[in-house]
There are 4 protein chains.
Amino acid sequence: MNKNLKITIIGAGSSYTPELIEGLIKRNNELPIGELWLVDIEDGAEKVSIIGDLTRRMLAKNNMSHIDVHVTLDRRLALEGADFVCSQFRAGCLEGRIRDERISLKYGMIGQETNGLGGFANACRTIPIALEIAKEMEELCPEAWLLNFTNPSGMVTEAILKHSKVKAVGLCNVPVIMQKGIAKMLDANEEDFILQVAGLNHFIWARQVLHEGRDKLQEVVEEILSGNDPLVPQNIPKFKWPEELLRNMGMIPCAYLRYYYTSEDIMGQELEEASGEGTRGEVVKAMENRLFDIYRNPELNEKPKELEKRGGQYYSEAACELMSSIFNDKRTIMHVNTRNNGAIEGLPNDCTVEVSSMITKSGPLPLNVAPFPKDTLRLIQVLKEFESLTVEAAITGDRNTAHRALILNPLVTTGTVLETALNETIEANLDYMPQFR
Amino acid sequence: MNKNLKITIIGAGSSYTPELIEGLIKRNNELPIGELWLVDIEDGAEKVSIIGDLTRRMLAKNNMSHIDVHVTLDRRLALEGADFVCSQFRAGCLEGRIRDERISLKYGMIGQETNGLGGFANACRTIPIALEIAKEMEELCPEAWLLNFTNPSGMVTEAILKHSKVKAVGLCNVPVIMQKGIAKMLDANEEDFILQVAGLNHFIWARQVLHEGRDKLQEVVEEILSGNDPLVPQNIPKFKWPEELLRNMGMIPCAYLRYYYTSEDIMGQELEEASGEGTRGEVVKAMENRLFDIYRNPELNEKPKELEKRGGQYYSEAACELMSSIFNDKRTIMHVNTRNNGAIEGLPNDCTVEVSSMITKSGPLPLNVAPFPKDTLRLIQVLKEFESLTVEAAITGDRNTAHRALILNPLVTTGTVLETALNETIEANLDYMPQFR
Amino acid sequence: MNKNLKITIIGAGSSYTPELIEGLIKRNNELPIGELWLVDIEDGAEKVSIIGDLTRRMLAKNNMSHIDVHVTLDRRLALEGADFVCSQFRAGCLEGRIRDERISLKYGMIGQETNGLGGFANACRTIPIALEIAKEMEELCPEAWLLNFTNPSGMVTEAILKHSKVKAVGLCNVPVIMQKGIAKMLDANEEDFILQVAGLNHFIWARQVLHEGRDKLQEVVEEILSGNDPLVPQNIPKFKWPEELLRNMGMIPCAYLRYYYTSEDIMGQELEEASGEGTRGEVVKAMENRLFDIYRNPELNEKPKELEKRGGQYYSEAACELMSSIFNDKRTIMHVNTRNNGAIEGLPNDCTVEVSSMITKSGPLPLNVAPFPKDTLRLIQVLKEFESLTVEAAITGDRNTAHRALILNPLVTTGTVLETALNETIEANLDYMPQFR
Amino acid sequence: MNKNLKITIIGAGSSYTPELIEGLIKRNNELPIGELWLVDIEDGAEKVSIIGDLTRRMLAKNNMSHIDVHVTLDRRLALEGADFVCSQFRAGCLEGRIRDERISLKYGMIGQETNGLGGFANACRTIPIALEIAKEMEELCPEAWLLNFTNPSGMVTEAILKHSKVKAVGLCNVPVIMQKGIAKMLDANEEDFILQVAGLNHFIWARQVLHEGRDKLQEVVEEILSGNDPLVPQNIPKFKWPEELLRNMGMIPCAYLRYYYTSEDIMGQELEEASGEGTRGEVVKAMENRLFDIYRNPELNEKPKELEKRGGQYYSEAACELMSSIFNDKRTIMHVNTRNNGAIEGLPNDCTVEVSSMITKSGPLPLNVAPFPKDTLRLIQVLKEFESLTVEAAITGDRNTAHRALILNPLVTTGTVLETALNETIEANLDYMPQFR
């Protein structure tokens with residue numbers, strides 16, 4: 001382990017970054033880091049500088065000051081010769097997210113950053129930049145692994161895997177939260193059971209919970225039905241699944257699936273929030289302001305407790321574990337976005353899916369996924385087609401492709417309202433979506 | 001042609017029947033009818049008797065009084081030895097339809113007799129009776145052809161084809177209207193071009209319009225876009241398709257597809273109607289009352305003009321042409337609901353689809369359907385899965401299956417609202433859906 | 001019908017041509033021919049001239065001398081403005097066929113012009129020329145229909161449909177013979193029943209025999225089993241199918257399928273013939289010499305009886321009927337090679353299959369094919385993959401692709417013997433297969 | 001690890017058993033064995049008794065005499081409460097194998113115990129007994145794992161997985177030999193690279209050789225082409241792959257695939273052997289006699305060197321490693337026969353495939369298999385269909401199913417010769433195949 005790893009974080013001005021730094025510190029013995037490059041754009045210059053200082057203080061506290069921390073706006077410099085690149089930027093900032101939420105709600109649709117009309121808008125802002133980064137990586141660090149947790153993670157990863165040669169893996173905290181929640185339910189160590197999930201990003205089902213030689217999935221289901229549901233991320237309000245539906249599903253839907261199984265209830269909730277404390281984006285923005293006030297404190301030299309409420313917990317945990325698993329050929333089971341290649345029957349080979357995989361030095365090897373029940377498969381196929389058409393529209397800027405994509409999405413209402421909402425979305429985002437000009 | 005055909009009409013008390021009689025009269029030279037059996041249930045006794053008298057007057061006017069007309073409530077008697085059985089009953093009468101519409105609207109969903117929650121309810125009332133009839137046919141007239149135009153025609157036909165050995169064909173007027181409309185646009189005789197449609201009942205697309213050695217589909221599309229759209233049935237209000245969507249589709253969606261492509265506009269329209277002249281069911285009911293007043297007139301000896309506004313025009317035309325095509329091995333191209341058997345790639349073999357077929361003495365031989373564009377296929381697959389699960393729920397009375405079916409339907413809103421609406425639907429219809437008790 | 005059709009026959013020096021002329025004469029009232037162009041290459045100059053003279057005498061006898069008959073070696077001239085192009089050339093002449101047969105037999109494999117190693121060699125000689133013709137048609141007569149009965153008809157048609165825009169249909173006499181044989185068995189007119197076949201060229205099964213409202217396939221099977229088998233072409237020796245296999249198949253295999261179901265018996269037969277009267281190619285060559293002696297006779301003004309023994313009977317019948325069906329939009333059912341496009345489930349959309357189709361002015365509309373039993377499907381899939389790889393090898397000249405193709409063919413023996421036989425085949429044909437240089 | 005495992009070996013009179021015992025001894029620290037049950041049938045009574053004595057001596061030498069060794073002919077007693085059941089019996093003994101080989105060769109076909117006509121015969125003798133054992137396990141040790149290495153391992157495992165509830169895994173030494181050979185080529189420890197294989201038993205390809213973060217498959221291919229091929233089992237003579245074929249395959253075929261890629265060469269080799277030292281079965285029989293002479297020696301207390309030449313080396317190694325991996329949830333990658341369930345795209349879910357899998361306490365979790373190149377897939381599909389029809393014929397005793405199975409097999413010649421060979425095979429084996437009476 002004589003290598004001095006160069007790790008580059010794009011969008012490092014994010015309030016999440018301290019968790020990522022903490023994860024790297026924890027893995028001091030596993031990952032021989034030499035350089036840490038924190039990159040952001042002009043608009044994020046102040047934030048990334050605050051993060052840079054905090055990072056140095058955190059490293060110092062842990063006697064890891066030998067790691068060179070670079071704060072820069074020069075992405076090419078940061079990418080050159082990198083071993084791992086973490087991508088966690090937000091195109092259009094939180095303002096973009098809030099705008100997506102508000103436009104969706106205005107037209108009677110659920111507003112969310114990875115689903116529906118909001119997810120579409122986010123993808124169209126983000127994918128062109130993600131592909132730009134990928135092209136730079138092909139040139140400047142062709143052997144590097146790209147860990148994408150920029151949302152919408154599934155579509156962004158699909159765009160990169162379809163349109164570049166970069167070795168990219170998409171990550172999400174949703175399956176990590178399921179895994180940790182189930183561990184608690186089973187009173188087991190995470191390594192002692194195998195959770196297998198499959199589906200698309202924010203659209204996964206647990207398929208197996210193997211523990212002590214048995215599949216305990218149904219026991220977990222009953223536990224959830226009994227009211228004890230630790231599988232829901234902090235940023236998603238508690239809720240109840242339709243009882244018989246869940247009991248007979250033979251799978252455990254991830255928390256985001258309530259957007260599809262119980263759309264009207266979510267809609268109500270969102271409308272209530274929007275006229276109360278604000279949309280999720282607005283809440284997060286306020287939270288972020290508070291977090292940066294904390295980060296500025298020159299006494300602070302560890303990840304503050306407050307970050308946990310932020311919603312993305314375990315993202316960085318997952319990213320660090322993934323880097324270590326690749327670097328050390330650990331063969332752990334992780335849940336990642338990767339090329340389908342036959343893993344989920346009924347989806348194209350070249351699309352991206354979120355599946356439990358064995359992580360090796362050569363990247364993720366997905367576990368085989370037992371064929372889905374037909375009705376669930378149909379949902380997945382429709383959503384994936386929405387995603388793939390969205391990726392296409394994000395690249396070509398073709399409005400009809402965008403329209404065709406959105407028609408397929410169950411969270412989208414069709415008709416004149418959709419045409420109007422789509423036009424408004426594009427016009428409002430035109431600076432970030434020049435491909436639609 | 002020495003056979004004296006026995007034709008049996010189930011639900012003959014329908015206001016449509018005079019059109020059917022007219023169709024049979026027109027085909028006097030093609031169909032050697034001996035007996036005509038008009039069957040209905042107790043509740044329809046008066047109406048079927050009025051229809052019986054009118055039928056006799058119509059036949060007399062055309063010198064066809066040699067045909068024995070039987071009016072009966074004894075279905076077994078009417079089925080025994082029949083050659084053709086036309087099924088056009090409405091389980092739960094128009095009251096059932098109106099109830100479906102009102103419940104759907106109350107919960108913010110589109111209310112319609114073949115789609116969404118209303119279509120589900122209609123299927124659950126109808127399928128058990130349809131299967132009862134099929135079982136009687138297996139016993140009493142195993143060689144007879146069953147022409148089903150009882151709605152929801154696609155699901156009812158699927159139930160029969162999956163669960164009996166009866167030779168059944170499902171019919172609908174939607175493709176007939178497309179065919180006649182396109183003939184007008186092309187200024188062509190219907191026999192001089194070939195329209196190929198494919199999809200599911202009330203969910204079809206025209207795939208080819210072959211005329212004079214060329215596919216004129218795109219010309220028809222442009223004509224529709226120019227505002228001249230004779231493809232819409234009388235009972236569906238005029239509307240405009242999203243322009244670029246239609247222009248680039250490479251197919252012509254049937255009028256019912258606006259429920260999916262422009263759902264919000266339909267919803268608005270329905271709400272307006274519901275608080276105005278009444279739901280479609282209510283309008284039809286009023287119309288039917290007026291029609292029966294006319295039918296009662298002992299001077300009337302032909303199909304009255306007023307019937308054309310009823311909405312189902314050409315249904316009976318299609319039925320008579322189908323009987324003649326089968327009887328005479330005419331090999332005409334008709335658009336029918338039949339077992340998929342590979343016709344539409346991506347759907348199960350044993351499901352029922354609506355496809356253009358060559359009609360022979362052995363029944364319909366579907367034309368091969370070129371694979372659908374993937375996004376359209378996904379819609380069809382989802383709808384078919386909704387239909388197949390609905391058929392299953394209609395037979396088993398399993399509420400969770402019903403719930404799973406409805407979750408898939410794009411016209412249905414999920415969540416607490418769906419659970420409530422489903423329960424209310426079942427409770428309100430319990431007399432007609434004992435399987436759910 | 002005011003058009004003066006221009007019909008072009010490529011490879012018109014074939015001994016079959018008089019049958020084609022007879023077919024056109026018979027359809028005098030259906031096809032308003034203005035010009036008939038008989039084309040051949042330098043090597044066939046004498047033969048095509050003999051055929052030209054005979055053609056003029058046949059037309060004269062039938063008072064059709066108004067048709068201009070052109071005999072030419074200038075293919076471009078002949079193609080310019082053509083309405084129908086019949087392609088029936090033989091690349092490498094009968095000498096090539098004989099060579100294929102002898103090489104195959106020498107290495108212990110069945111030698112045949114459309115199957116196995118011989119079919120491969122024939123494809124590699126023929127496809128480059130067929131594509132050259134197609135390119136000329138794109139330029140000189142882009143609206144013309146190409147009727148291909150140049151062997152191997154399935155692969156040649158696939159090459160044209162995949163690599164040009166020409167409207168091509170492949171023809172074969174095998175299904176015609178089945179149709180005529182079954183008509184005799186049923187004592188029915190050909191128009192009174194519907195035979196549906198499906199598969200690949202020389203690799204088809206009858207799937208339905210619809211007559212008087214019933215499928216009489218099993219009755220035909222029993223008749224064949226009883227020893228009365230008129231389904232075998234004249235050029236294929238009589239033989240018996242394995243009894244239980246045929247009885248339980250639910251389909252009727254075409255005569256060429258005995259190459260696969262009873263390969264060893266065929267091998268024995270071929271070896272016997274090869275050391276007796278000669279291979280099929282050698283027999284045909286002798287027959288052809290005799291036929292041309294007859295054709296030369298200036299008294300002859302009709303198709304001579306002797307031609308019927310030649311083996312390709314009904315080819316030309318099929319070609320003429322196809323031209324008339326297209327020209328007159330007759331909507332007859334014919335059995336043609338056309339783009340799969342979903343017709344046979346389990347095969348690629350862009351491959352070519354042989355299926356019963358309704359013939360319209362816009363060309364063939366295949367009937368839907370019920371999914372094949374899985375074991376039969378596997379055979380078809382393997383053969384089609386052999387064909388598609390052969391087409392690829394014929395175009396690219398890649399020996400490894402050729403090897404991969406042949407490994408899949410059940411009539412081919414693998415190993416050193418195959419490598420040697422393939423090399424010998426390529427070397428011996430190098431003048432006709434420059435792509436392999 | 002307080003459990004006293006009961007391990008039962010069926011067909012323990014096999015000459016392989018000492019290797020299995022050695023494997024168990026090596027894993028003394030991993031597998032807490034309490035009882036070892038050696039079962040055989042009457043005919044094997046002497047041999048199993050010799051093996052029992054040798055086993056006790058081997059255990060004693062290793063200070064493991066605390067393990068109770070039971071030698072018995074009472075299978076039910078041996079199965080009762082077992083934790084692991086190893087099945088390695090040979091129905092019809094080596095005499096059956098030799099008969100298969102001789103009948104095949106007599107009719108000009110390759111004779112082999114898992115492929116072609118010989119594999120078919122072996123399956124028909126073996127599967128009824130295997131299912132009998134599975135039924136007993138369902139009753140007597142429903143939680144036990146069945147490790148099947150009884151040949152033909154793929155078909156026997158498929159029969160068990162389709163027709164019983166037993167937790168069965170099929171094993172083979174072929175992938176183990178590939179793994180060890182590749183380790184040597186790469187000069188790597190077996191744990192340091194990941195070999196992924198996929199296909200059917202004796203019909204697999206290596207798909208990936210992941211080492212140090214790269215796929216070194218092509219390097220291994222070049223090494224094989226250079227003449228250094230340690231991937232061939234001892235019982236298969238050395239040979240050369242067609243060079244360009246192997247170089248461009250993108251996969252590494254297992255040694256048994258030469259039966260398909262180079263069938264004629266194998267045929268020559270088999271004929272030479274048959275008229276020289278004898279068929280493989282005859283050679284093995286002589287070897288076995290010699291081995292039992294050695295085993296009888298009361299001084300012998302370890303696996304003798306001579307066993308290695310026997311051909312099945314590493315079988316037992318694989319079996320022991322599998323037991324330990326299951327018992328200890330080791331999550332090693334092993335190559336096993338298991339239910340397809342979507343692993344290989346294009347094969348039925350319920351069939352059995354041989355795929356690299358992560359071994360857990362709940363059994364094997366197959367790794368996802370990237371879709372096969374189409375030509376290879378076609379071969380696999382054909383072979384699998386042969387296997388599945390053979391399993392069906394072995395259970396039903398239907399001769400036509402048997403015939404249909406064999407027609408698909410590339411190693412089988414069709415026609416009269418096949419009908420005769422099949423009849424002779426059944427007649428000669430009638431005592432072991434009463435289902436065909």
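Okay, let's start with symmetry. If you take chain D and turn it by 180°, with a shift of 0.0 Å along the axis, it lies on chain C with an RMSD of 0.0 Å. So these two copies are related as by a two-fold rotation axis. Before I go on, keep in mind that this is a predicted model.

Which residue of chain D comes closest to that rotation axis? It's D:Pro410, whose C-alpha sits at 3.2 Å.

Now, the contact between those two chains. On the chain D side we have 31 residues, and they're in contact with 30 residues of chain C. If you want to find them on your screen, go to the helices: α9 (243–247), α10 (258–261), α11 (263–274), α14 (374–396), α15 (399–408) and α16 (416–428) of chain D each give two or more residues to that side. The largest share comes from α14(D), with 8 residues.

Next, chains B and C. Here 22 residues of chain B are in contact with 22 residues of chain C. On the chain B side, look for strands: β9 (214–215), β12 (352–360) and β13 (363–366) each supply at least two residues. The side of chain B that touches chain C splits into 10 nonpolar, 7 polar and 5 charged residues.

Let's zoom in on one helix, α15 of chain B, residues 399–408. Of its 10 residues, 7 are buried, so the helix is largely enclosed by the rest of the structure. The buried ones are B:Ala402 and then B:His403, B:Arg404, B:Ala405, B:Leu406, B:Ile407 and B:Leu408. What do the buried residues of α15(B) pack against? Within chain B, it's α5 (116–140), α14 (374–396) and α16 (416–428). From chain A, α9 (243–247), α10 (258–261) and α14 (374–396) join in.

Last stop, the inside. The largest nonpolar core has 575 residues, and those with the most contacts inside it are Leu147 in each copy: A:Leu147, B:Leu147, C:Leu147 and D:Leu147. Take A:Leu147. Leaving aside its neighbours within four places in sequence, A:Leu147 is in contact with A:Phe84, A:Val85, A:Cys86 and A:Ser87, with A:Val169 and A:Leu171, and with A:Ala319, A:Leu322 and A:Met323.

That's my tour, thanks.

Key:
Residues numbered from 1 in each chain as written. Chains lettered and ligands numbered in written order. Predicted model: local features only at pLDDT ≥ 70, side-chain atom pairs only at ≥ 80, totals over all residues. Contact = placed C-beta atoms within 7 Å. Helix = DSSP H or I, 4+ residues; strand = E, 2+ residues; numbered from the N terminus. Nonpolar A, V, L, I, M, F, W, Y, C, P; charged D, E, K, R; others polar. Least-squares fit on C-alpha atoms with pLDDT ≥ 70 in both. Core = buried A, V, L, I, M, F, W, Y, C linked by C-beta atoms within 7 Å. Buried ≥ 20, exposed ≤ 12 C-beta atoms within 10 Å, placed from the backbone.
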